[in-house]
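Visitor: Please take one part of this structure and look at it closely. Then show me how the rest is arranged.

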Amino acid sequence: MTDWARRAAEAVAGLTSTGSKGPDAMFGGPDGPTHCVRAEGVLVTTADGRTLLDWTMGLGAVALGYAQPDVVAAVERAAREGAVGPLPPVLEVEVAERLASAYPGAQTVRFLKTGAEAVQAAVRIARVATARERVLYCGYHGWLDGAYGGAGVPPAVARLWKSVPFDDVAALETAAGAGEPPAAIVLEPVVERAPARAWLEAARELATDRGAVLIFDEIKTAFRLGRGGAAERWGVRPDLATLGKALANGLPLAAVVGRADLMARLRDTWVSSTLATEFVSLAAARAVLDVWDRTDVAGHIARVGGTMLQRLSGEGRAAGCEVGGIAEMWFLRFADAGVERRFLLACVGHGVLMKRGPYNFPSLAHGEAEVTRTLSAVRAALEEAGG
Ligand SMILES: Cc1ncc(COP(=O)(O)O)c(C=O)c1O
């Protein structure tokens, strides 16, 4: 255990405030690097002095590479300009206007800080608009009361959230037809694999037929599969969508976007946060939008990720490990947890940081050299991990 891990165990409840960065989530147990001191491009410097080629990219929050120079410059400028002010910044308007042409149907926008908040806001809007309470959902939508159960969520609230299986039209129809009609259908459009377009289309039709609000949770997929995420890729338009993570390339910004008539119902409720209008993250988002305007970010990520996925599949098949996901978000999964942990730690030994299970995220900063280096690390690590 490093000194930082010992100090974290004393000072930080549960070791870290981001559960998916803890030792179990990352490596399936202890002995991996626990803390970092900086990240730049694709490289992360750990607190114990290693430099690793990273594929986790801040859990998908970084699609342009860590410390992307334009984003850094924008952030520095915004901090010097005060970071936050007494009135909303003009940046809020500008980024909202630009999101309207980036995400299909993003007629108006409301900014928040986290993905979980954005989902809660979208569901709140749906409940106001429909005067209903039930929510059908698929995927992960953050820690707030509702989709992600666990101790402390009142059963009366948990009961209102019904999980539906991914990419299953019949199950969605059954769930939508049973009990009280839903206020919202909230779908994470990619869960470990691509959906059939028919599933997204069925959700669209069901929502329209039953008078429910269709929400795509694109926290991971927007500004990764394309600016417009799954809605753009599969050509199915939700009523509302949630954006976050790569939207500001790692700065804390999320948004709920969508139909102006629905978004206008925010006037009937209260969704607001003191720092939703700070300048720094909005400036980062504007810099991200500029990069997307002049660079084929999605094409690059799809190419690098596709090559990685294809080559990993060859290695993985031979070693009996599952290689899953899509080019833009892929993962390795081992049947034996011990082998998995040894493999991930061996990768670290060879200078490559990957996360256990879903997902690893290629970025604009990854290229052929990183793919080649990673594959030789993976080959060696598979040997060392045994089977
Ligand atoms: C699809 C999806 N929705 C919502 C969230 C929650 O976002 P946050 O952790 O910023 O609250 C996540 C986080 O991983 C996510 O992947």
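Guide: By class, the shell around the ligand holds four nonpolar, six polar and three charged residues. This is a predicted model. The shell has 13 residues, and T114, G115, A116, G142 and I219 come nearest to the ligand. Helix α6, residues 115–130, gives the largest share of the shell, with three residues.

Which residues of α5 are buried? They are L91, V95, R98, L99 and A102. Seen down the axis of α5, these buried residues fall within an arc of 110 degrees, so they line one face of the helix. The face of α5 turned away from that buried side carries exposed residues: V90, V93 and S101. What covers the buried residues of α5? The cover includes strand β4 (108–112), strand β10 (254–258) and helix α12 (279–294).

A184 is found in strand β7, residues 184–187. A184 counts as buried because it has 28 C-beta neighbours inside 10 Å; the cut-off for buried is 20 or more. Leaving aside neighbours within four places in sequence, A184 is in contact with V123, A126, V135, A212, V213 and I215. L136 lies 48 residues from A184 along the chain, yet their C-alpha atoms are separated by 6.3 Å.

The domain assignment of the chain gives domain 1 as 3–66 + 296–385 and domain 2 as 69–294. Taken over C-alpha atoms, the centres of domain 1 and domain 2 are separated by 26 Å. Across the boundary, 15 residues of domain 1 are in contact with 17 residues of domain 2. On the side of domain 1 that touches domain 2, α3 (57–60), α13 (297–319) and β11 (322–326) each supply at least two residues. By class, that side of domain 1 has ten nonpolar, four polar and one charged residues.

Terms used
Residues numbered from 1 in each chain as written. Predicted model: local features only at pLDDT ≥ 70, side-chain atom pairs only at ≥ 80, totals over all residues. Near = placed C-beta within 6 Å. Helix = DSSP H or I, 4+ residues; strand = E, 2+ residues; numbered from the N terminus. Nonpolar A, V, L, I, M, F, W, Y, C, P; charged D, E, K, R; others polar. Buried ≥ 20, exposed ≤ 12 C-beta atoms within 10 Å, placed from the backbone. Arc of directions from axis to C-beta. Contact = placed C-beta atoms within 7 Å. Domains from an automatic or database assignment.
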